[in-house]
Structure formats: structure tokens, C-alpha cells
Amino acid sequence: ATSSPSQIRTVTEKLESRGWKIFRRLALHIMRLFPESIGDLITARLTEQNLFDDLGVRHEYSLLMRDWFSRIDSSAQEIILGWIEAGPQDIEALVSAWGQDKGQAPSEEEIHRYKKSWQLKKLALFSESLPQPWNIRYQSLVSELGEPFHPEFPAYSTGVYRGPTSPKAVDELSTMTADELRAYLEGWHPQKDAFGFAPSPEGLGRQLSELVARSPDHY
């Protein structure tokens with residue numbers, strides 16, 4: 001791909017013809033690194049719903065989406081936004097698994113919150129390129145659920161463990177005055193979430209601990 005850029009289309013098609021998913025991931029990766037002559041192919045792959053929903057190619061597909069959403073035509077953008085509007089296709093399976101594990105189904109509110117969390121992560125990939133109505137909607141989701149970290153991954157951890165999430169990152173907390181921070185901590189309340197995606201007091205506590213550790217004299 002590096003030595004013969006004119007062969008990018010052939011390289012990606014040969015990779016895609018292989019049976020294992022790793023080759024599909026490599027093809028998406030190559031498309032992102034060498035996109036100049038294959039814009040039509042990138043658009044075609046981004047509008048394949050089986051790739052959009054496939055956790056097995058989530059990372060490479062999401063990075064390609066992040067870099068190229070603003071460059072595909074409006075009709076292709078509308079297809080992708082329509083999938084996001086419809087919501088995740090795994091809700092039925094998650095409800096079934098939750099019921100088997102907990103002995104009862106999650107509430108409609110919890111299911112709706114899971115859908116919004118899923119939509120937030122999808123929109124975060126190309127939030128800077130959203131049409132105005134969708135940008136307003138995205139900002140509303142961020143205000144409610146918090147900015148997602150590394151939405152290109154199904155799950156992400158900065159340490160050796162996967163911890164609870166926080167409604168605000170440490171850098172956001174650091175911009176508050178002491179009075180603002182105290183008022184925020186007193187007023188914030190977690191939302192119930194059957195699927196475990198909602199920010200929690202423990203997650204917020206960890207961010208607060210890091211904040212204070214950075215500047216103990218100040219706090």
C-alpha cells in the first residue's frame with residue numbers, strides 16, 4: 001500500500017476476500033490510511049449496516065467513520081444517522097440476559113437510557129460534523145450522560161481495571177471554583193441504569209480524588 005498507492009483498491013479487495021474477520025479489520029485500516037483514490041469504496045463500507053453493527057470490526061470502522069463522515073455525501077450521512085435514530089439492535093438480547101441474571105426485566109426508563117448512551121457514543125465519533133439539529137441533540141445527551149471516553153472502543157480503561165464512569169472528567173472539574181465544585185457535588189444525583197453505563201458516585205469520587213491529588217493545597 002505504501003509503495004504502490006494506485007493498488008490500494010486491489011489490496012483492500014483482496015483482504016476483504018479472506019474469510020477471517022481480522023482481514024476485514026485490516027482492510028478498513030488500510031482504507032483509513034490511504035483514502036485518496038477510494039472515496040467511493042469508503043462510502044460504500046461506511047453505509048454497510050452489518051459493519052456498523054459488528055463489534056468485531058468496531059475499532060477500525062469507528063475510526064474510519066470519525067475521519068470520513070464529513071466527507072461522504074449527505075444521502076450517505078442520512079443513512080448512518082437513520083441507523084443511530086433507530087437505536088441499537090441488541091436491546092432484546094440485553095433485556096433477556098438481564099432478566100436471566102436479575103430475575104426481572106429492566107424498566108422502560110433503563111432501556112431508554114441504554115439507547116441514549118449507545119446513541120451518544122455513535123454520535124461522538126463525528127460530533128464536529130453533525131448537522132445542526134443533530135448537534136443540538138448530541139449536546140443534550142452530553143449534558144445528561146457526560147462526554148464519552150474513546151467511543152471507538154466497545155469498552156475502554158486507562159488502567160489495569162475497568163472502573164465506574166464519572167459524569168465529569170477531572171479536567172472539567174478542575175475548571176470549577178471551590179464553591180461551584182461543592183455545589184455540583186451536593187446537587188448531582190446518579191440515574192438508575194440496569195446496564196451499568198450510567199455515571200456513578202464511585203466514578204465521580206475517583207475523578208475528585210485525582211483532582212485533589214494534583215493540587216492538595218488548593219483543595
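How many helices and how many strands make up the secondary structure of the protein? The secondary structure comes to 12 helices and 0 strands, where helices (H or I, at least four residues) and strands (E, at least two) are DSSP runs numbered from the N terminus. Read along the sequence, the pattern is accordingly α-α-α-α-α-α-α-α-α-α-α-α. The structure is a predicted model, in which local features need pLDDT of at least 70 and side-chain atom pairs count only at pLDDT 80 or more, while totals for chains, interfaces and linings use all residues. Residues are numbered from 1 along each chain as its sequence is written, and side-chain values use heavy atoms, with hydrogens and water left out.

Taken along the principal axes, the C-alpha atoms of the protein fill a box of roughly 60 × 45 × 40 Å. Of the 219 residues in the protein, 39% are buried; here buried means under 20% relative accessible area, exposed means over 50%, and partly exposed lies in between, with a 1.4 Å probe and protein chains only. Among the contacts in the protein with a separation of 6 or more, 66% join residues 24 or more positions apart, a contact being a case of heavy atoms within 4.5 Å.

Helix 6 has 13 residues, and the distance from its first C-alpha to its last is 18 Å, close to the 18 Å expected at 1.5 Å a residue; the expected span of a helix is 1.5 Å times one less than its number of residues. The buried residues of helix 6 are Ala76, Gln77, Ile80, Leu81, Trp83 and Ile84. Seen down the axis of helix 6, these buried residues fall within an arc of 150 degrees, so they line one face of the helix, the arc being that of the directions from the helix axis to the C-beta atoms. What covers the buried residues of helix 6 includes helix 3, helix 4 (49-52), helix 5, helix 8 and helix 9. The face of helix 6 turned away from its buried side carries the exposed residues Ser74 and Ala86, and for Ser74 the relative accessible area is 53%. The C-alpha atoms of Ser74 and Pro131 are separated by 9.9 Å, although the two residues are 57 residues apart along the chain. Helix 6 is followed by Gly87, whose phi is positive, near 95 degrees.

One of the residues in helix 3 (residues 39-46) is Thr43, which is buried, with a relative accessible area of 19%. When residues up to four places away in sequence are not counted, Thr43 touches Ile72 and Ala76, and Ala76 is itself among the buried residues of helix 6.

Helix 9 (residues 132-145) was examined in the same manner. At 1.5 Å a residue, its 14 residues should span 20 Å, and its end C-alpha atoms are 20 Å apart, which agrees. Trp134, Tyr138, Leu141, Val142 and Leu145 are the buried residues of helix 9. Because these buried residues fall within an arc of 100 degrees when seen down the axis of helix 9, they line one face of the helix. Helix 6 (74-86) and helix 8 (108-124) are included in what covers them, whereas the face of helix 9 turned away from its buried side carries the exposed residues Gln132, Pro133, Ile136 and Ser143. Helix 9 is followed by Gly146, whose phi is positive, near 95 degrees. In the loop between helix 9 and helix 10 (170-173) lies His150, a residue other than glycine whose phi is also positive, near 45 degrees. His150 counts as partly exposed, at 34% relative accessibility.

The structure holds 1 cavity of 30 Å³ or more, and about 30 Å³ of space lies in the largest cavity. On a 1 Å grid over the protein atoms alone, a cavity is a set of points where a 1.4 Å probe fits but cannot get out, and lining residues have an atom within 4 Å of a point. The lining of the largest cavity consists of Phe52, Tyr61, Met65, Ile80, Ile84, Lys122, Leu125 and Phe126. Helix 5 (58-68) and helix 6 are the elements that give two or more residues to this lining. By class, the lining has 7 nonpolar, no polar and 1 charged residues.

Finally, Glu210 lies in helix 12 (residues 201-214) and is partly exposed, with a relative accessible area of 37%. Glu210 and Ser107 are 103 residues apart in sequence and 34 Å apart in space, C-alpha to C-alpha.

Key: On a 1 Å grid over the protein atoms alone, a cavity is a set of points where a 1.4 Å probe fits but cannot get out, and a pocket is an open set with protein on both sides within 12 Å along at least five of seven lines; lining residues have an atom within 4 Å of a point. Grid points are joined across faces, edges and corners, and a volume is the space filled by probe spheres set on the points. Ala, Val, Leu, Ile, Met, Phe, Trp, Tyr, Cys and Pro count as nonpolar, Asp, Glu, Lys and Arg as charged, and the others, Gly among them, as polar.
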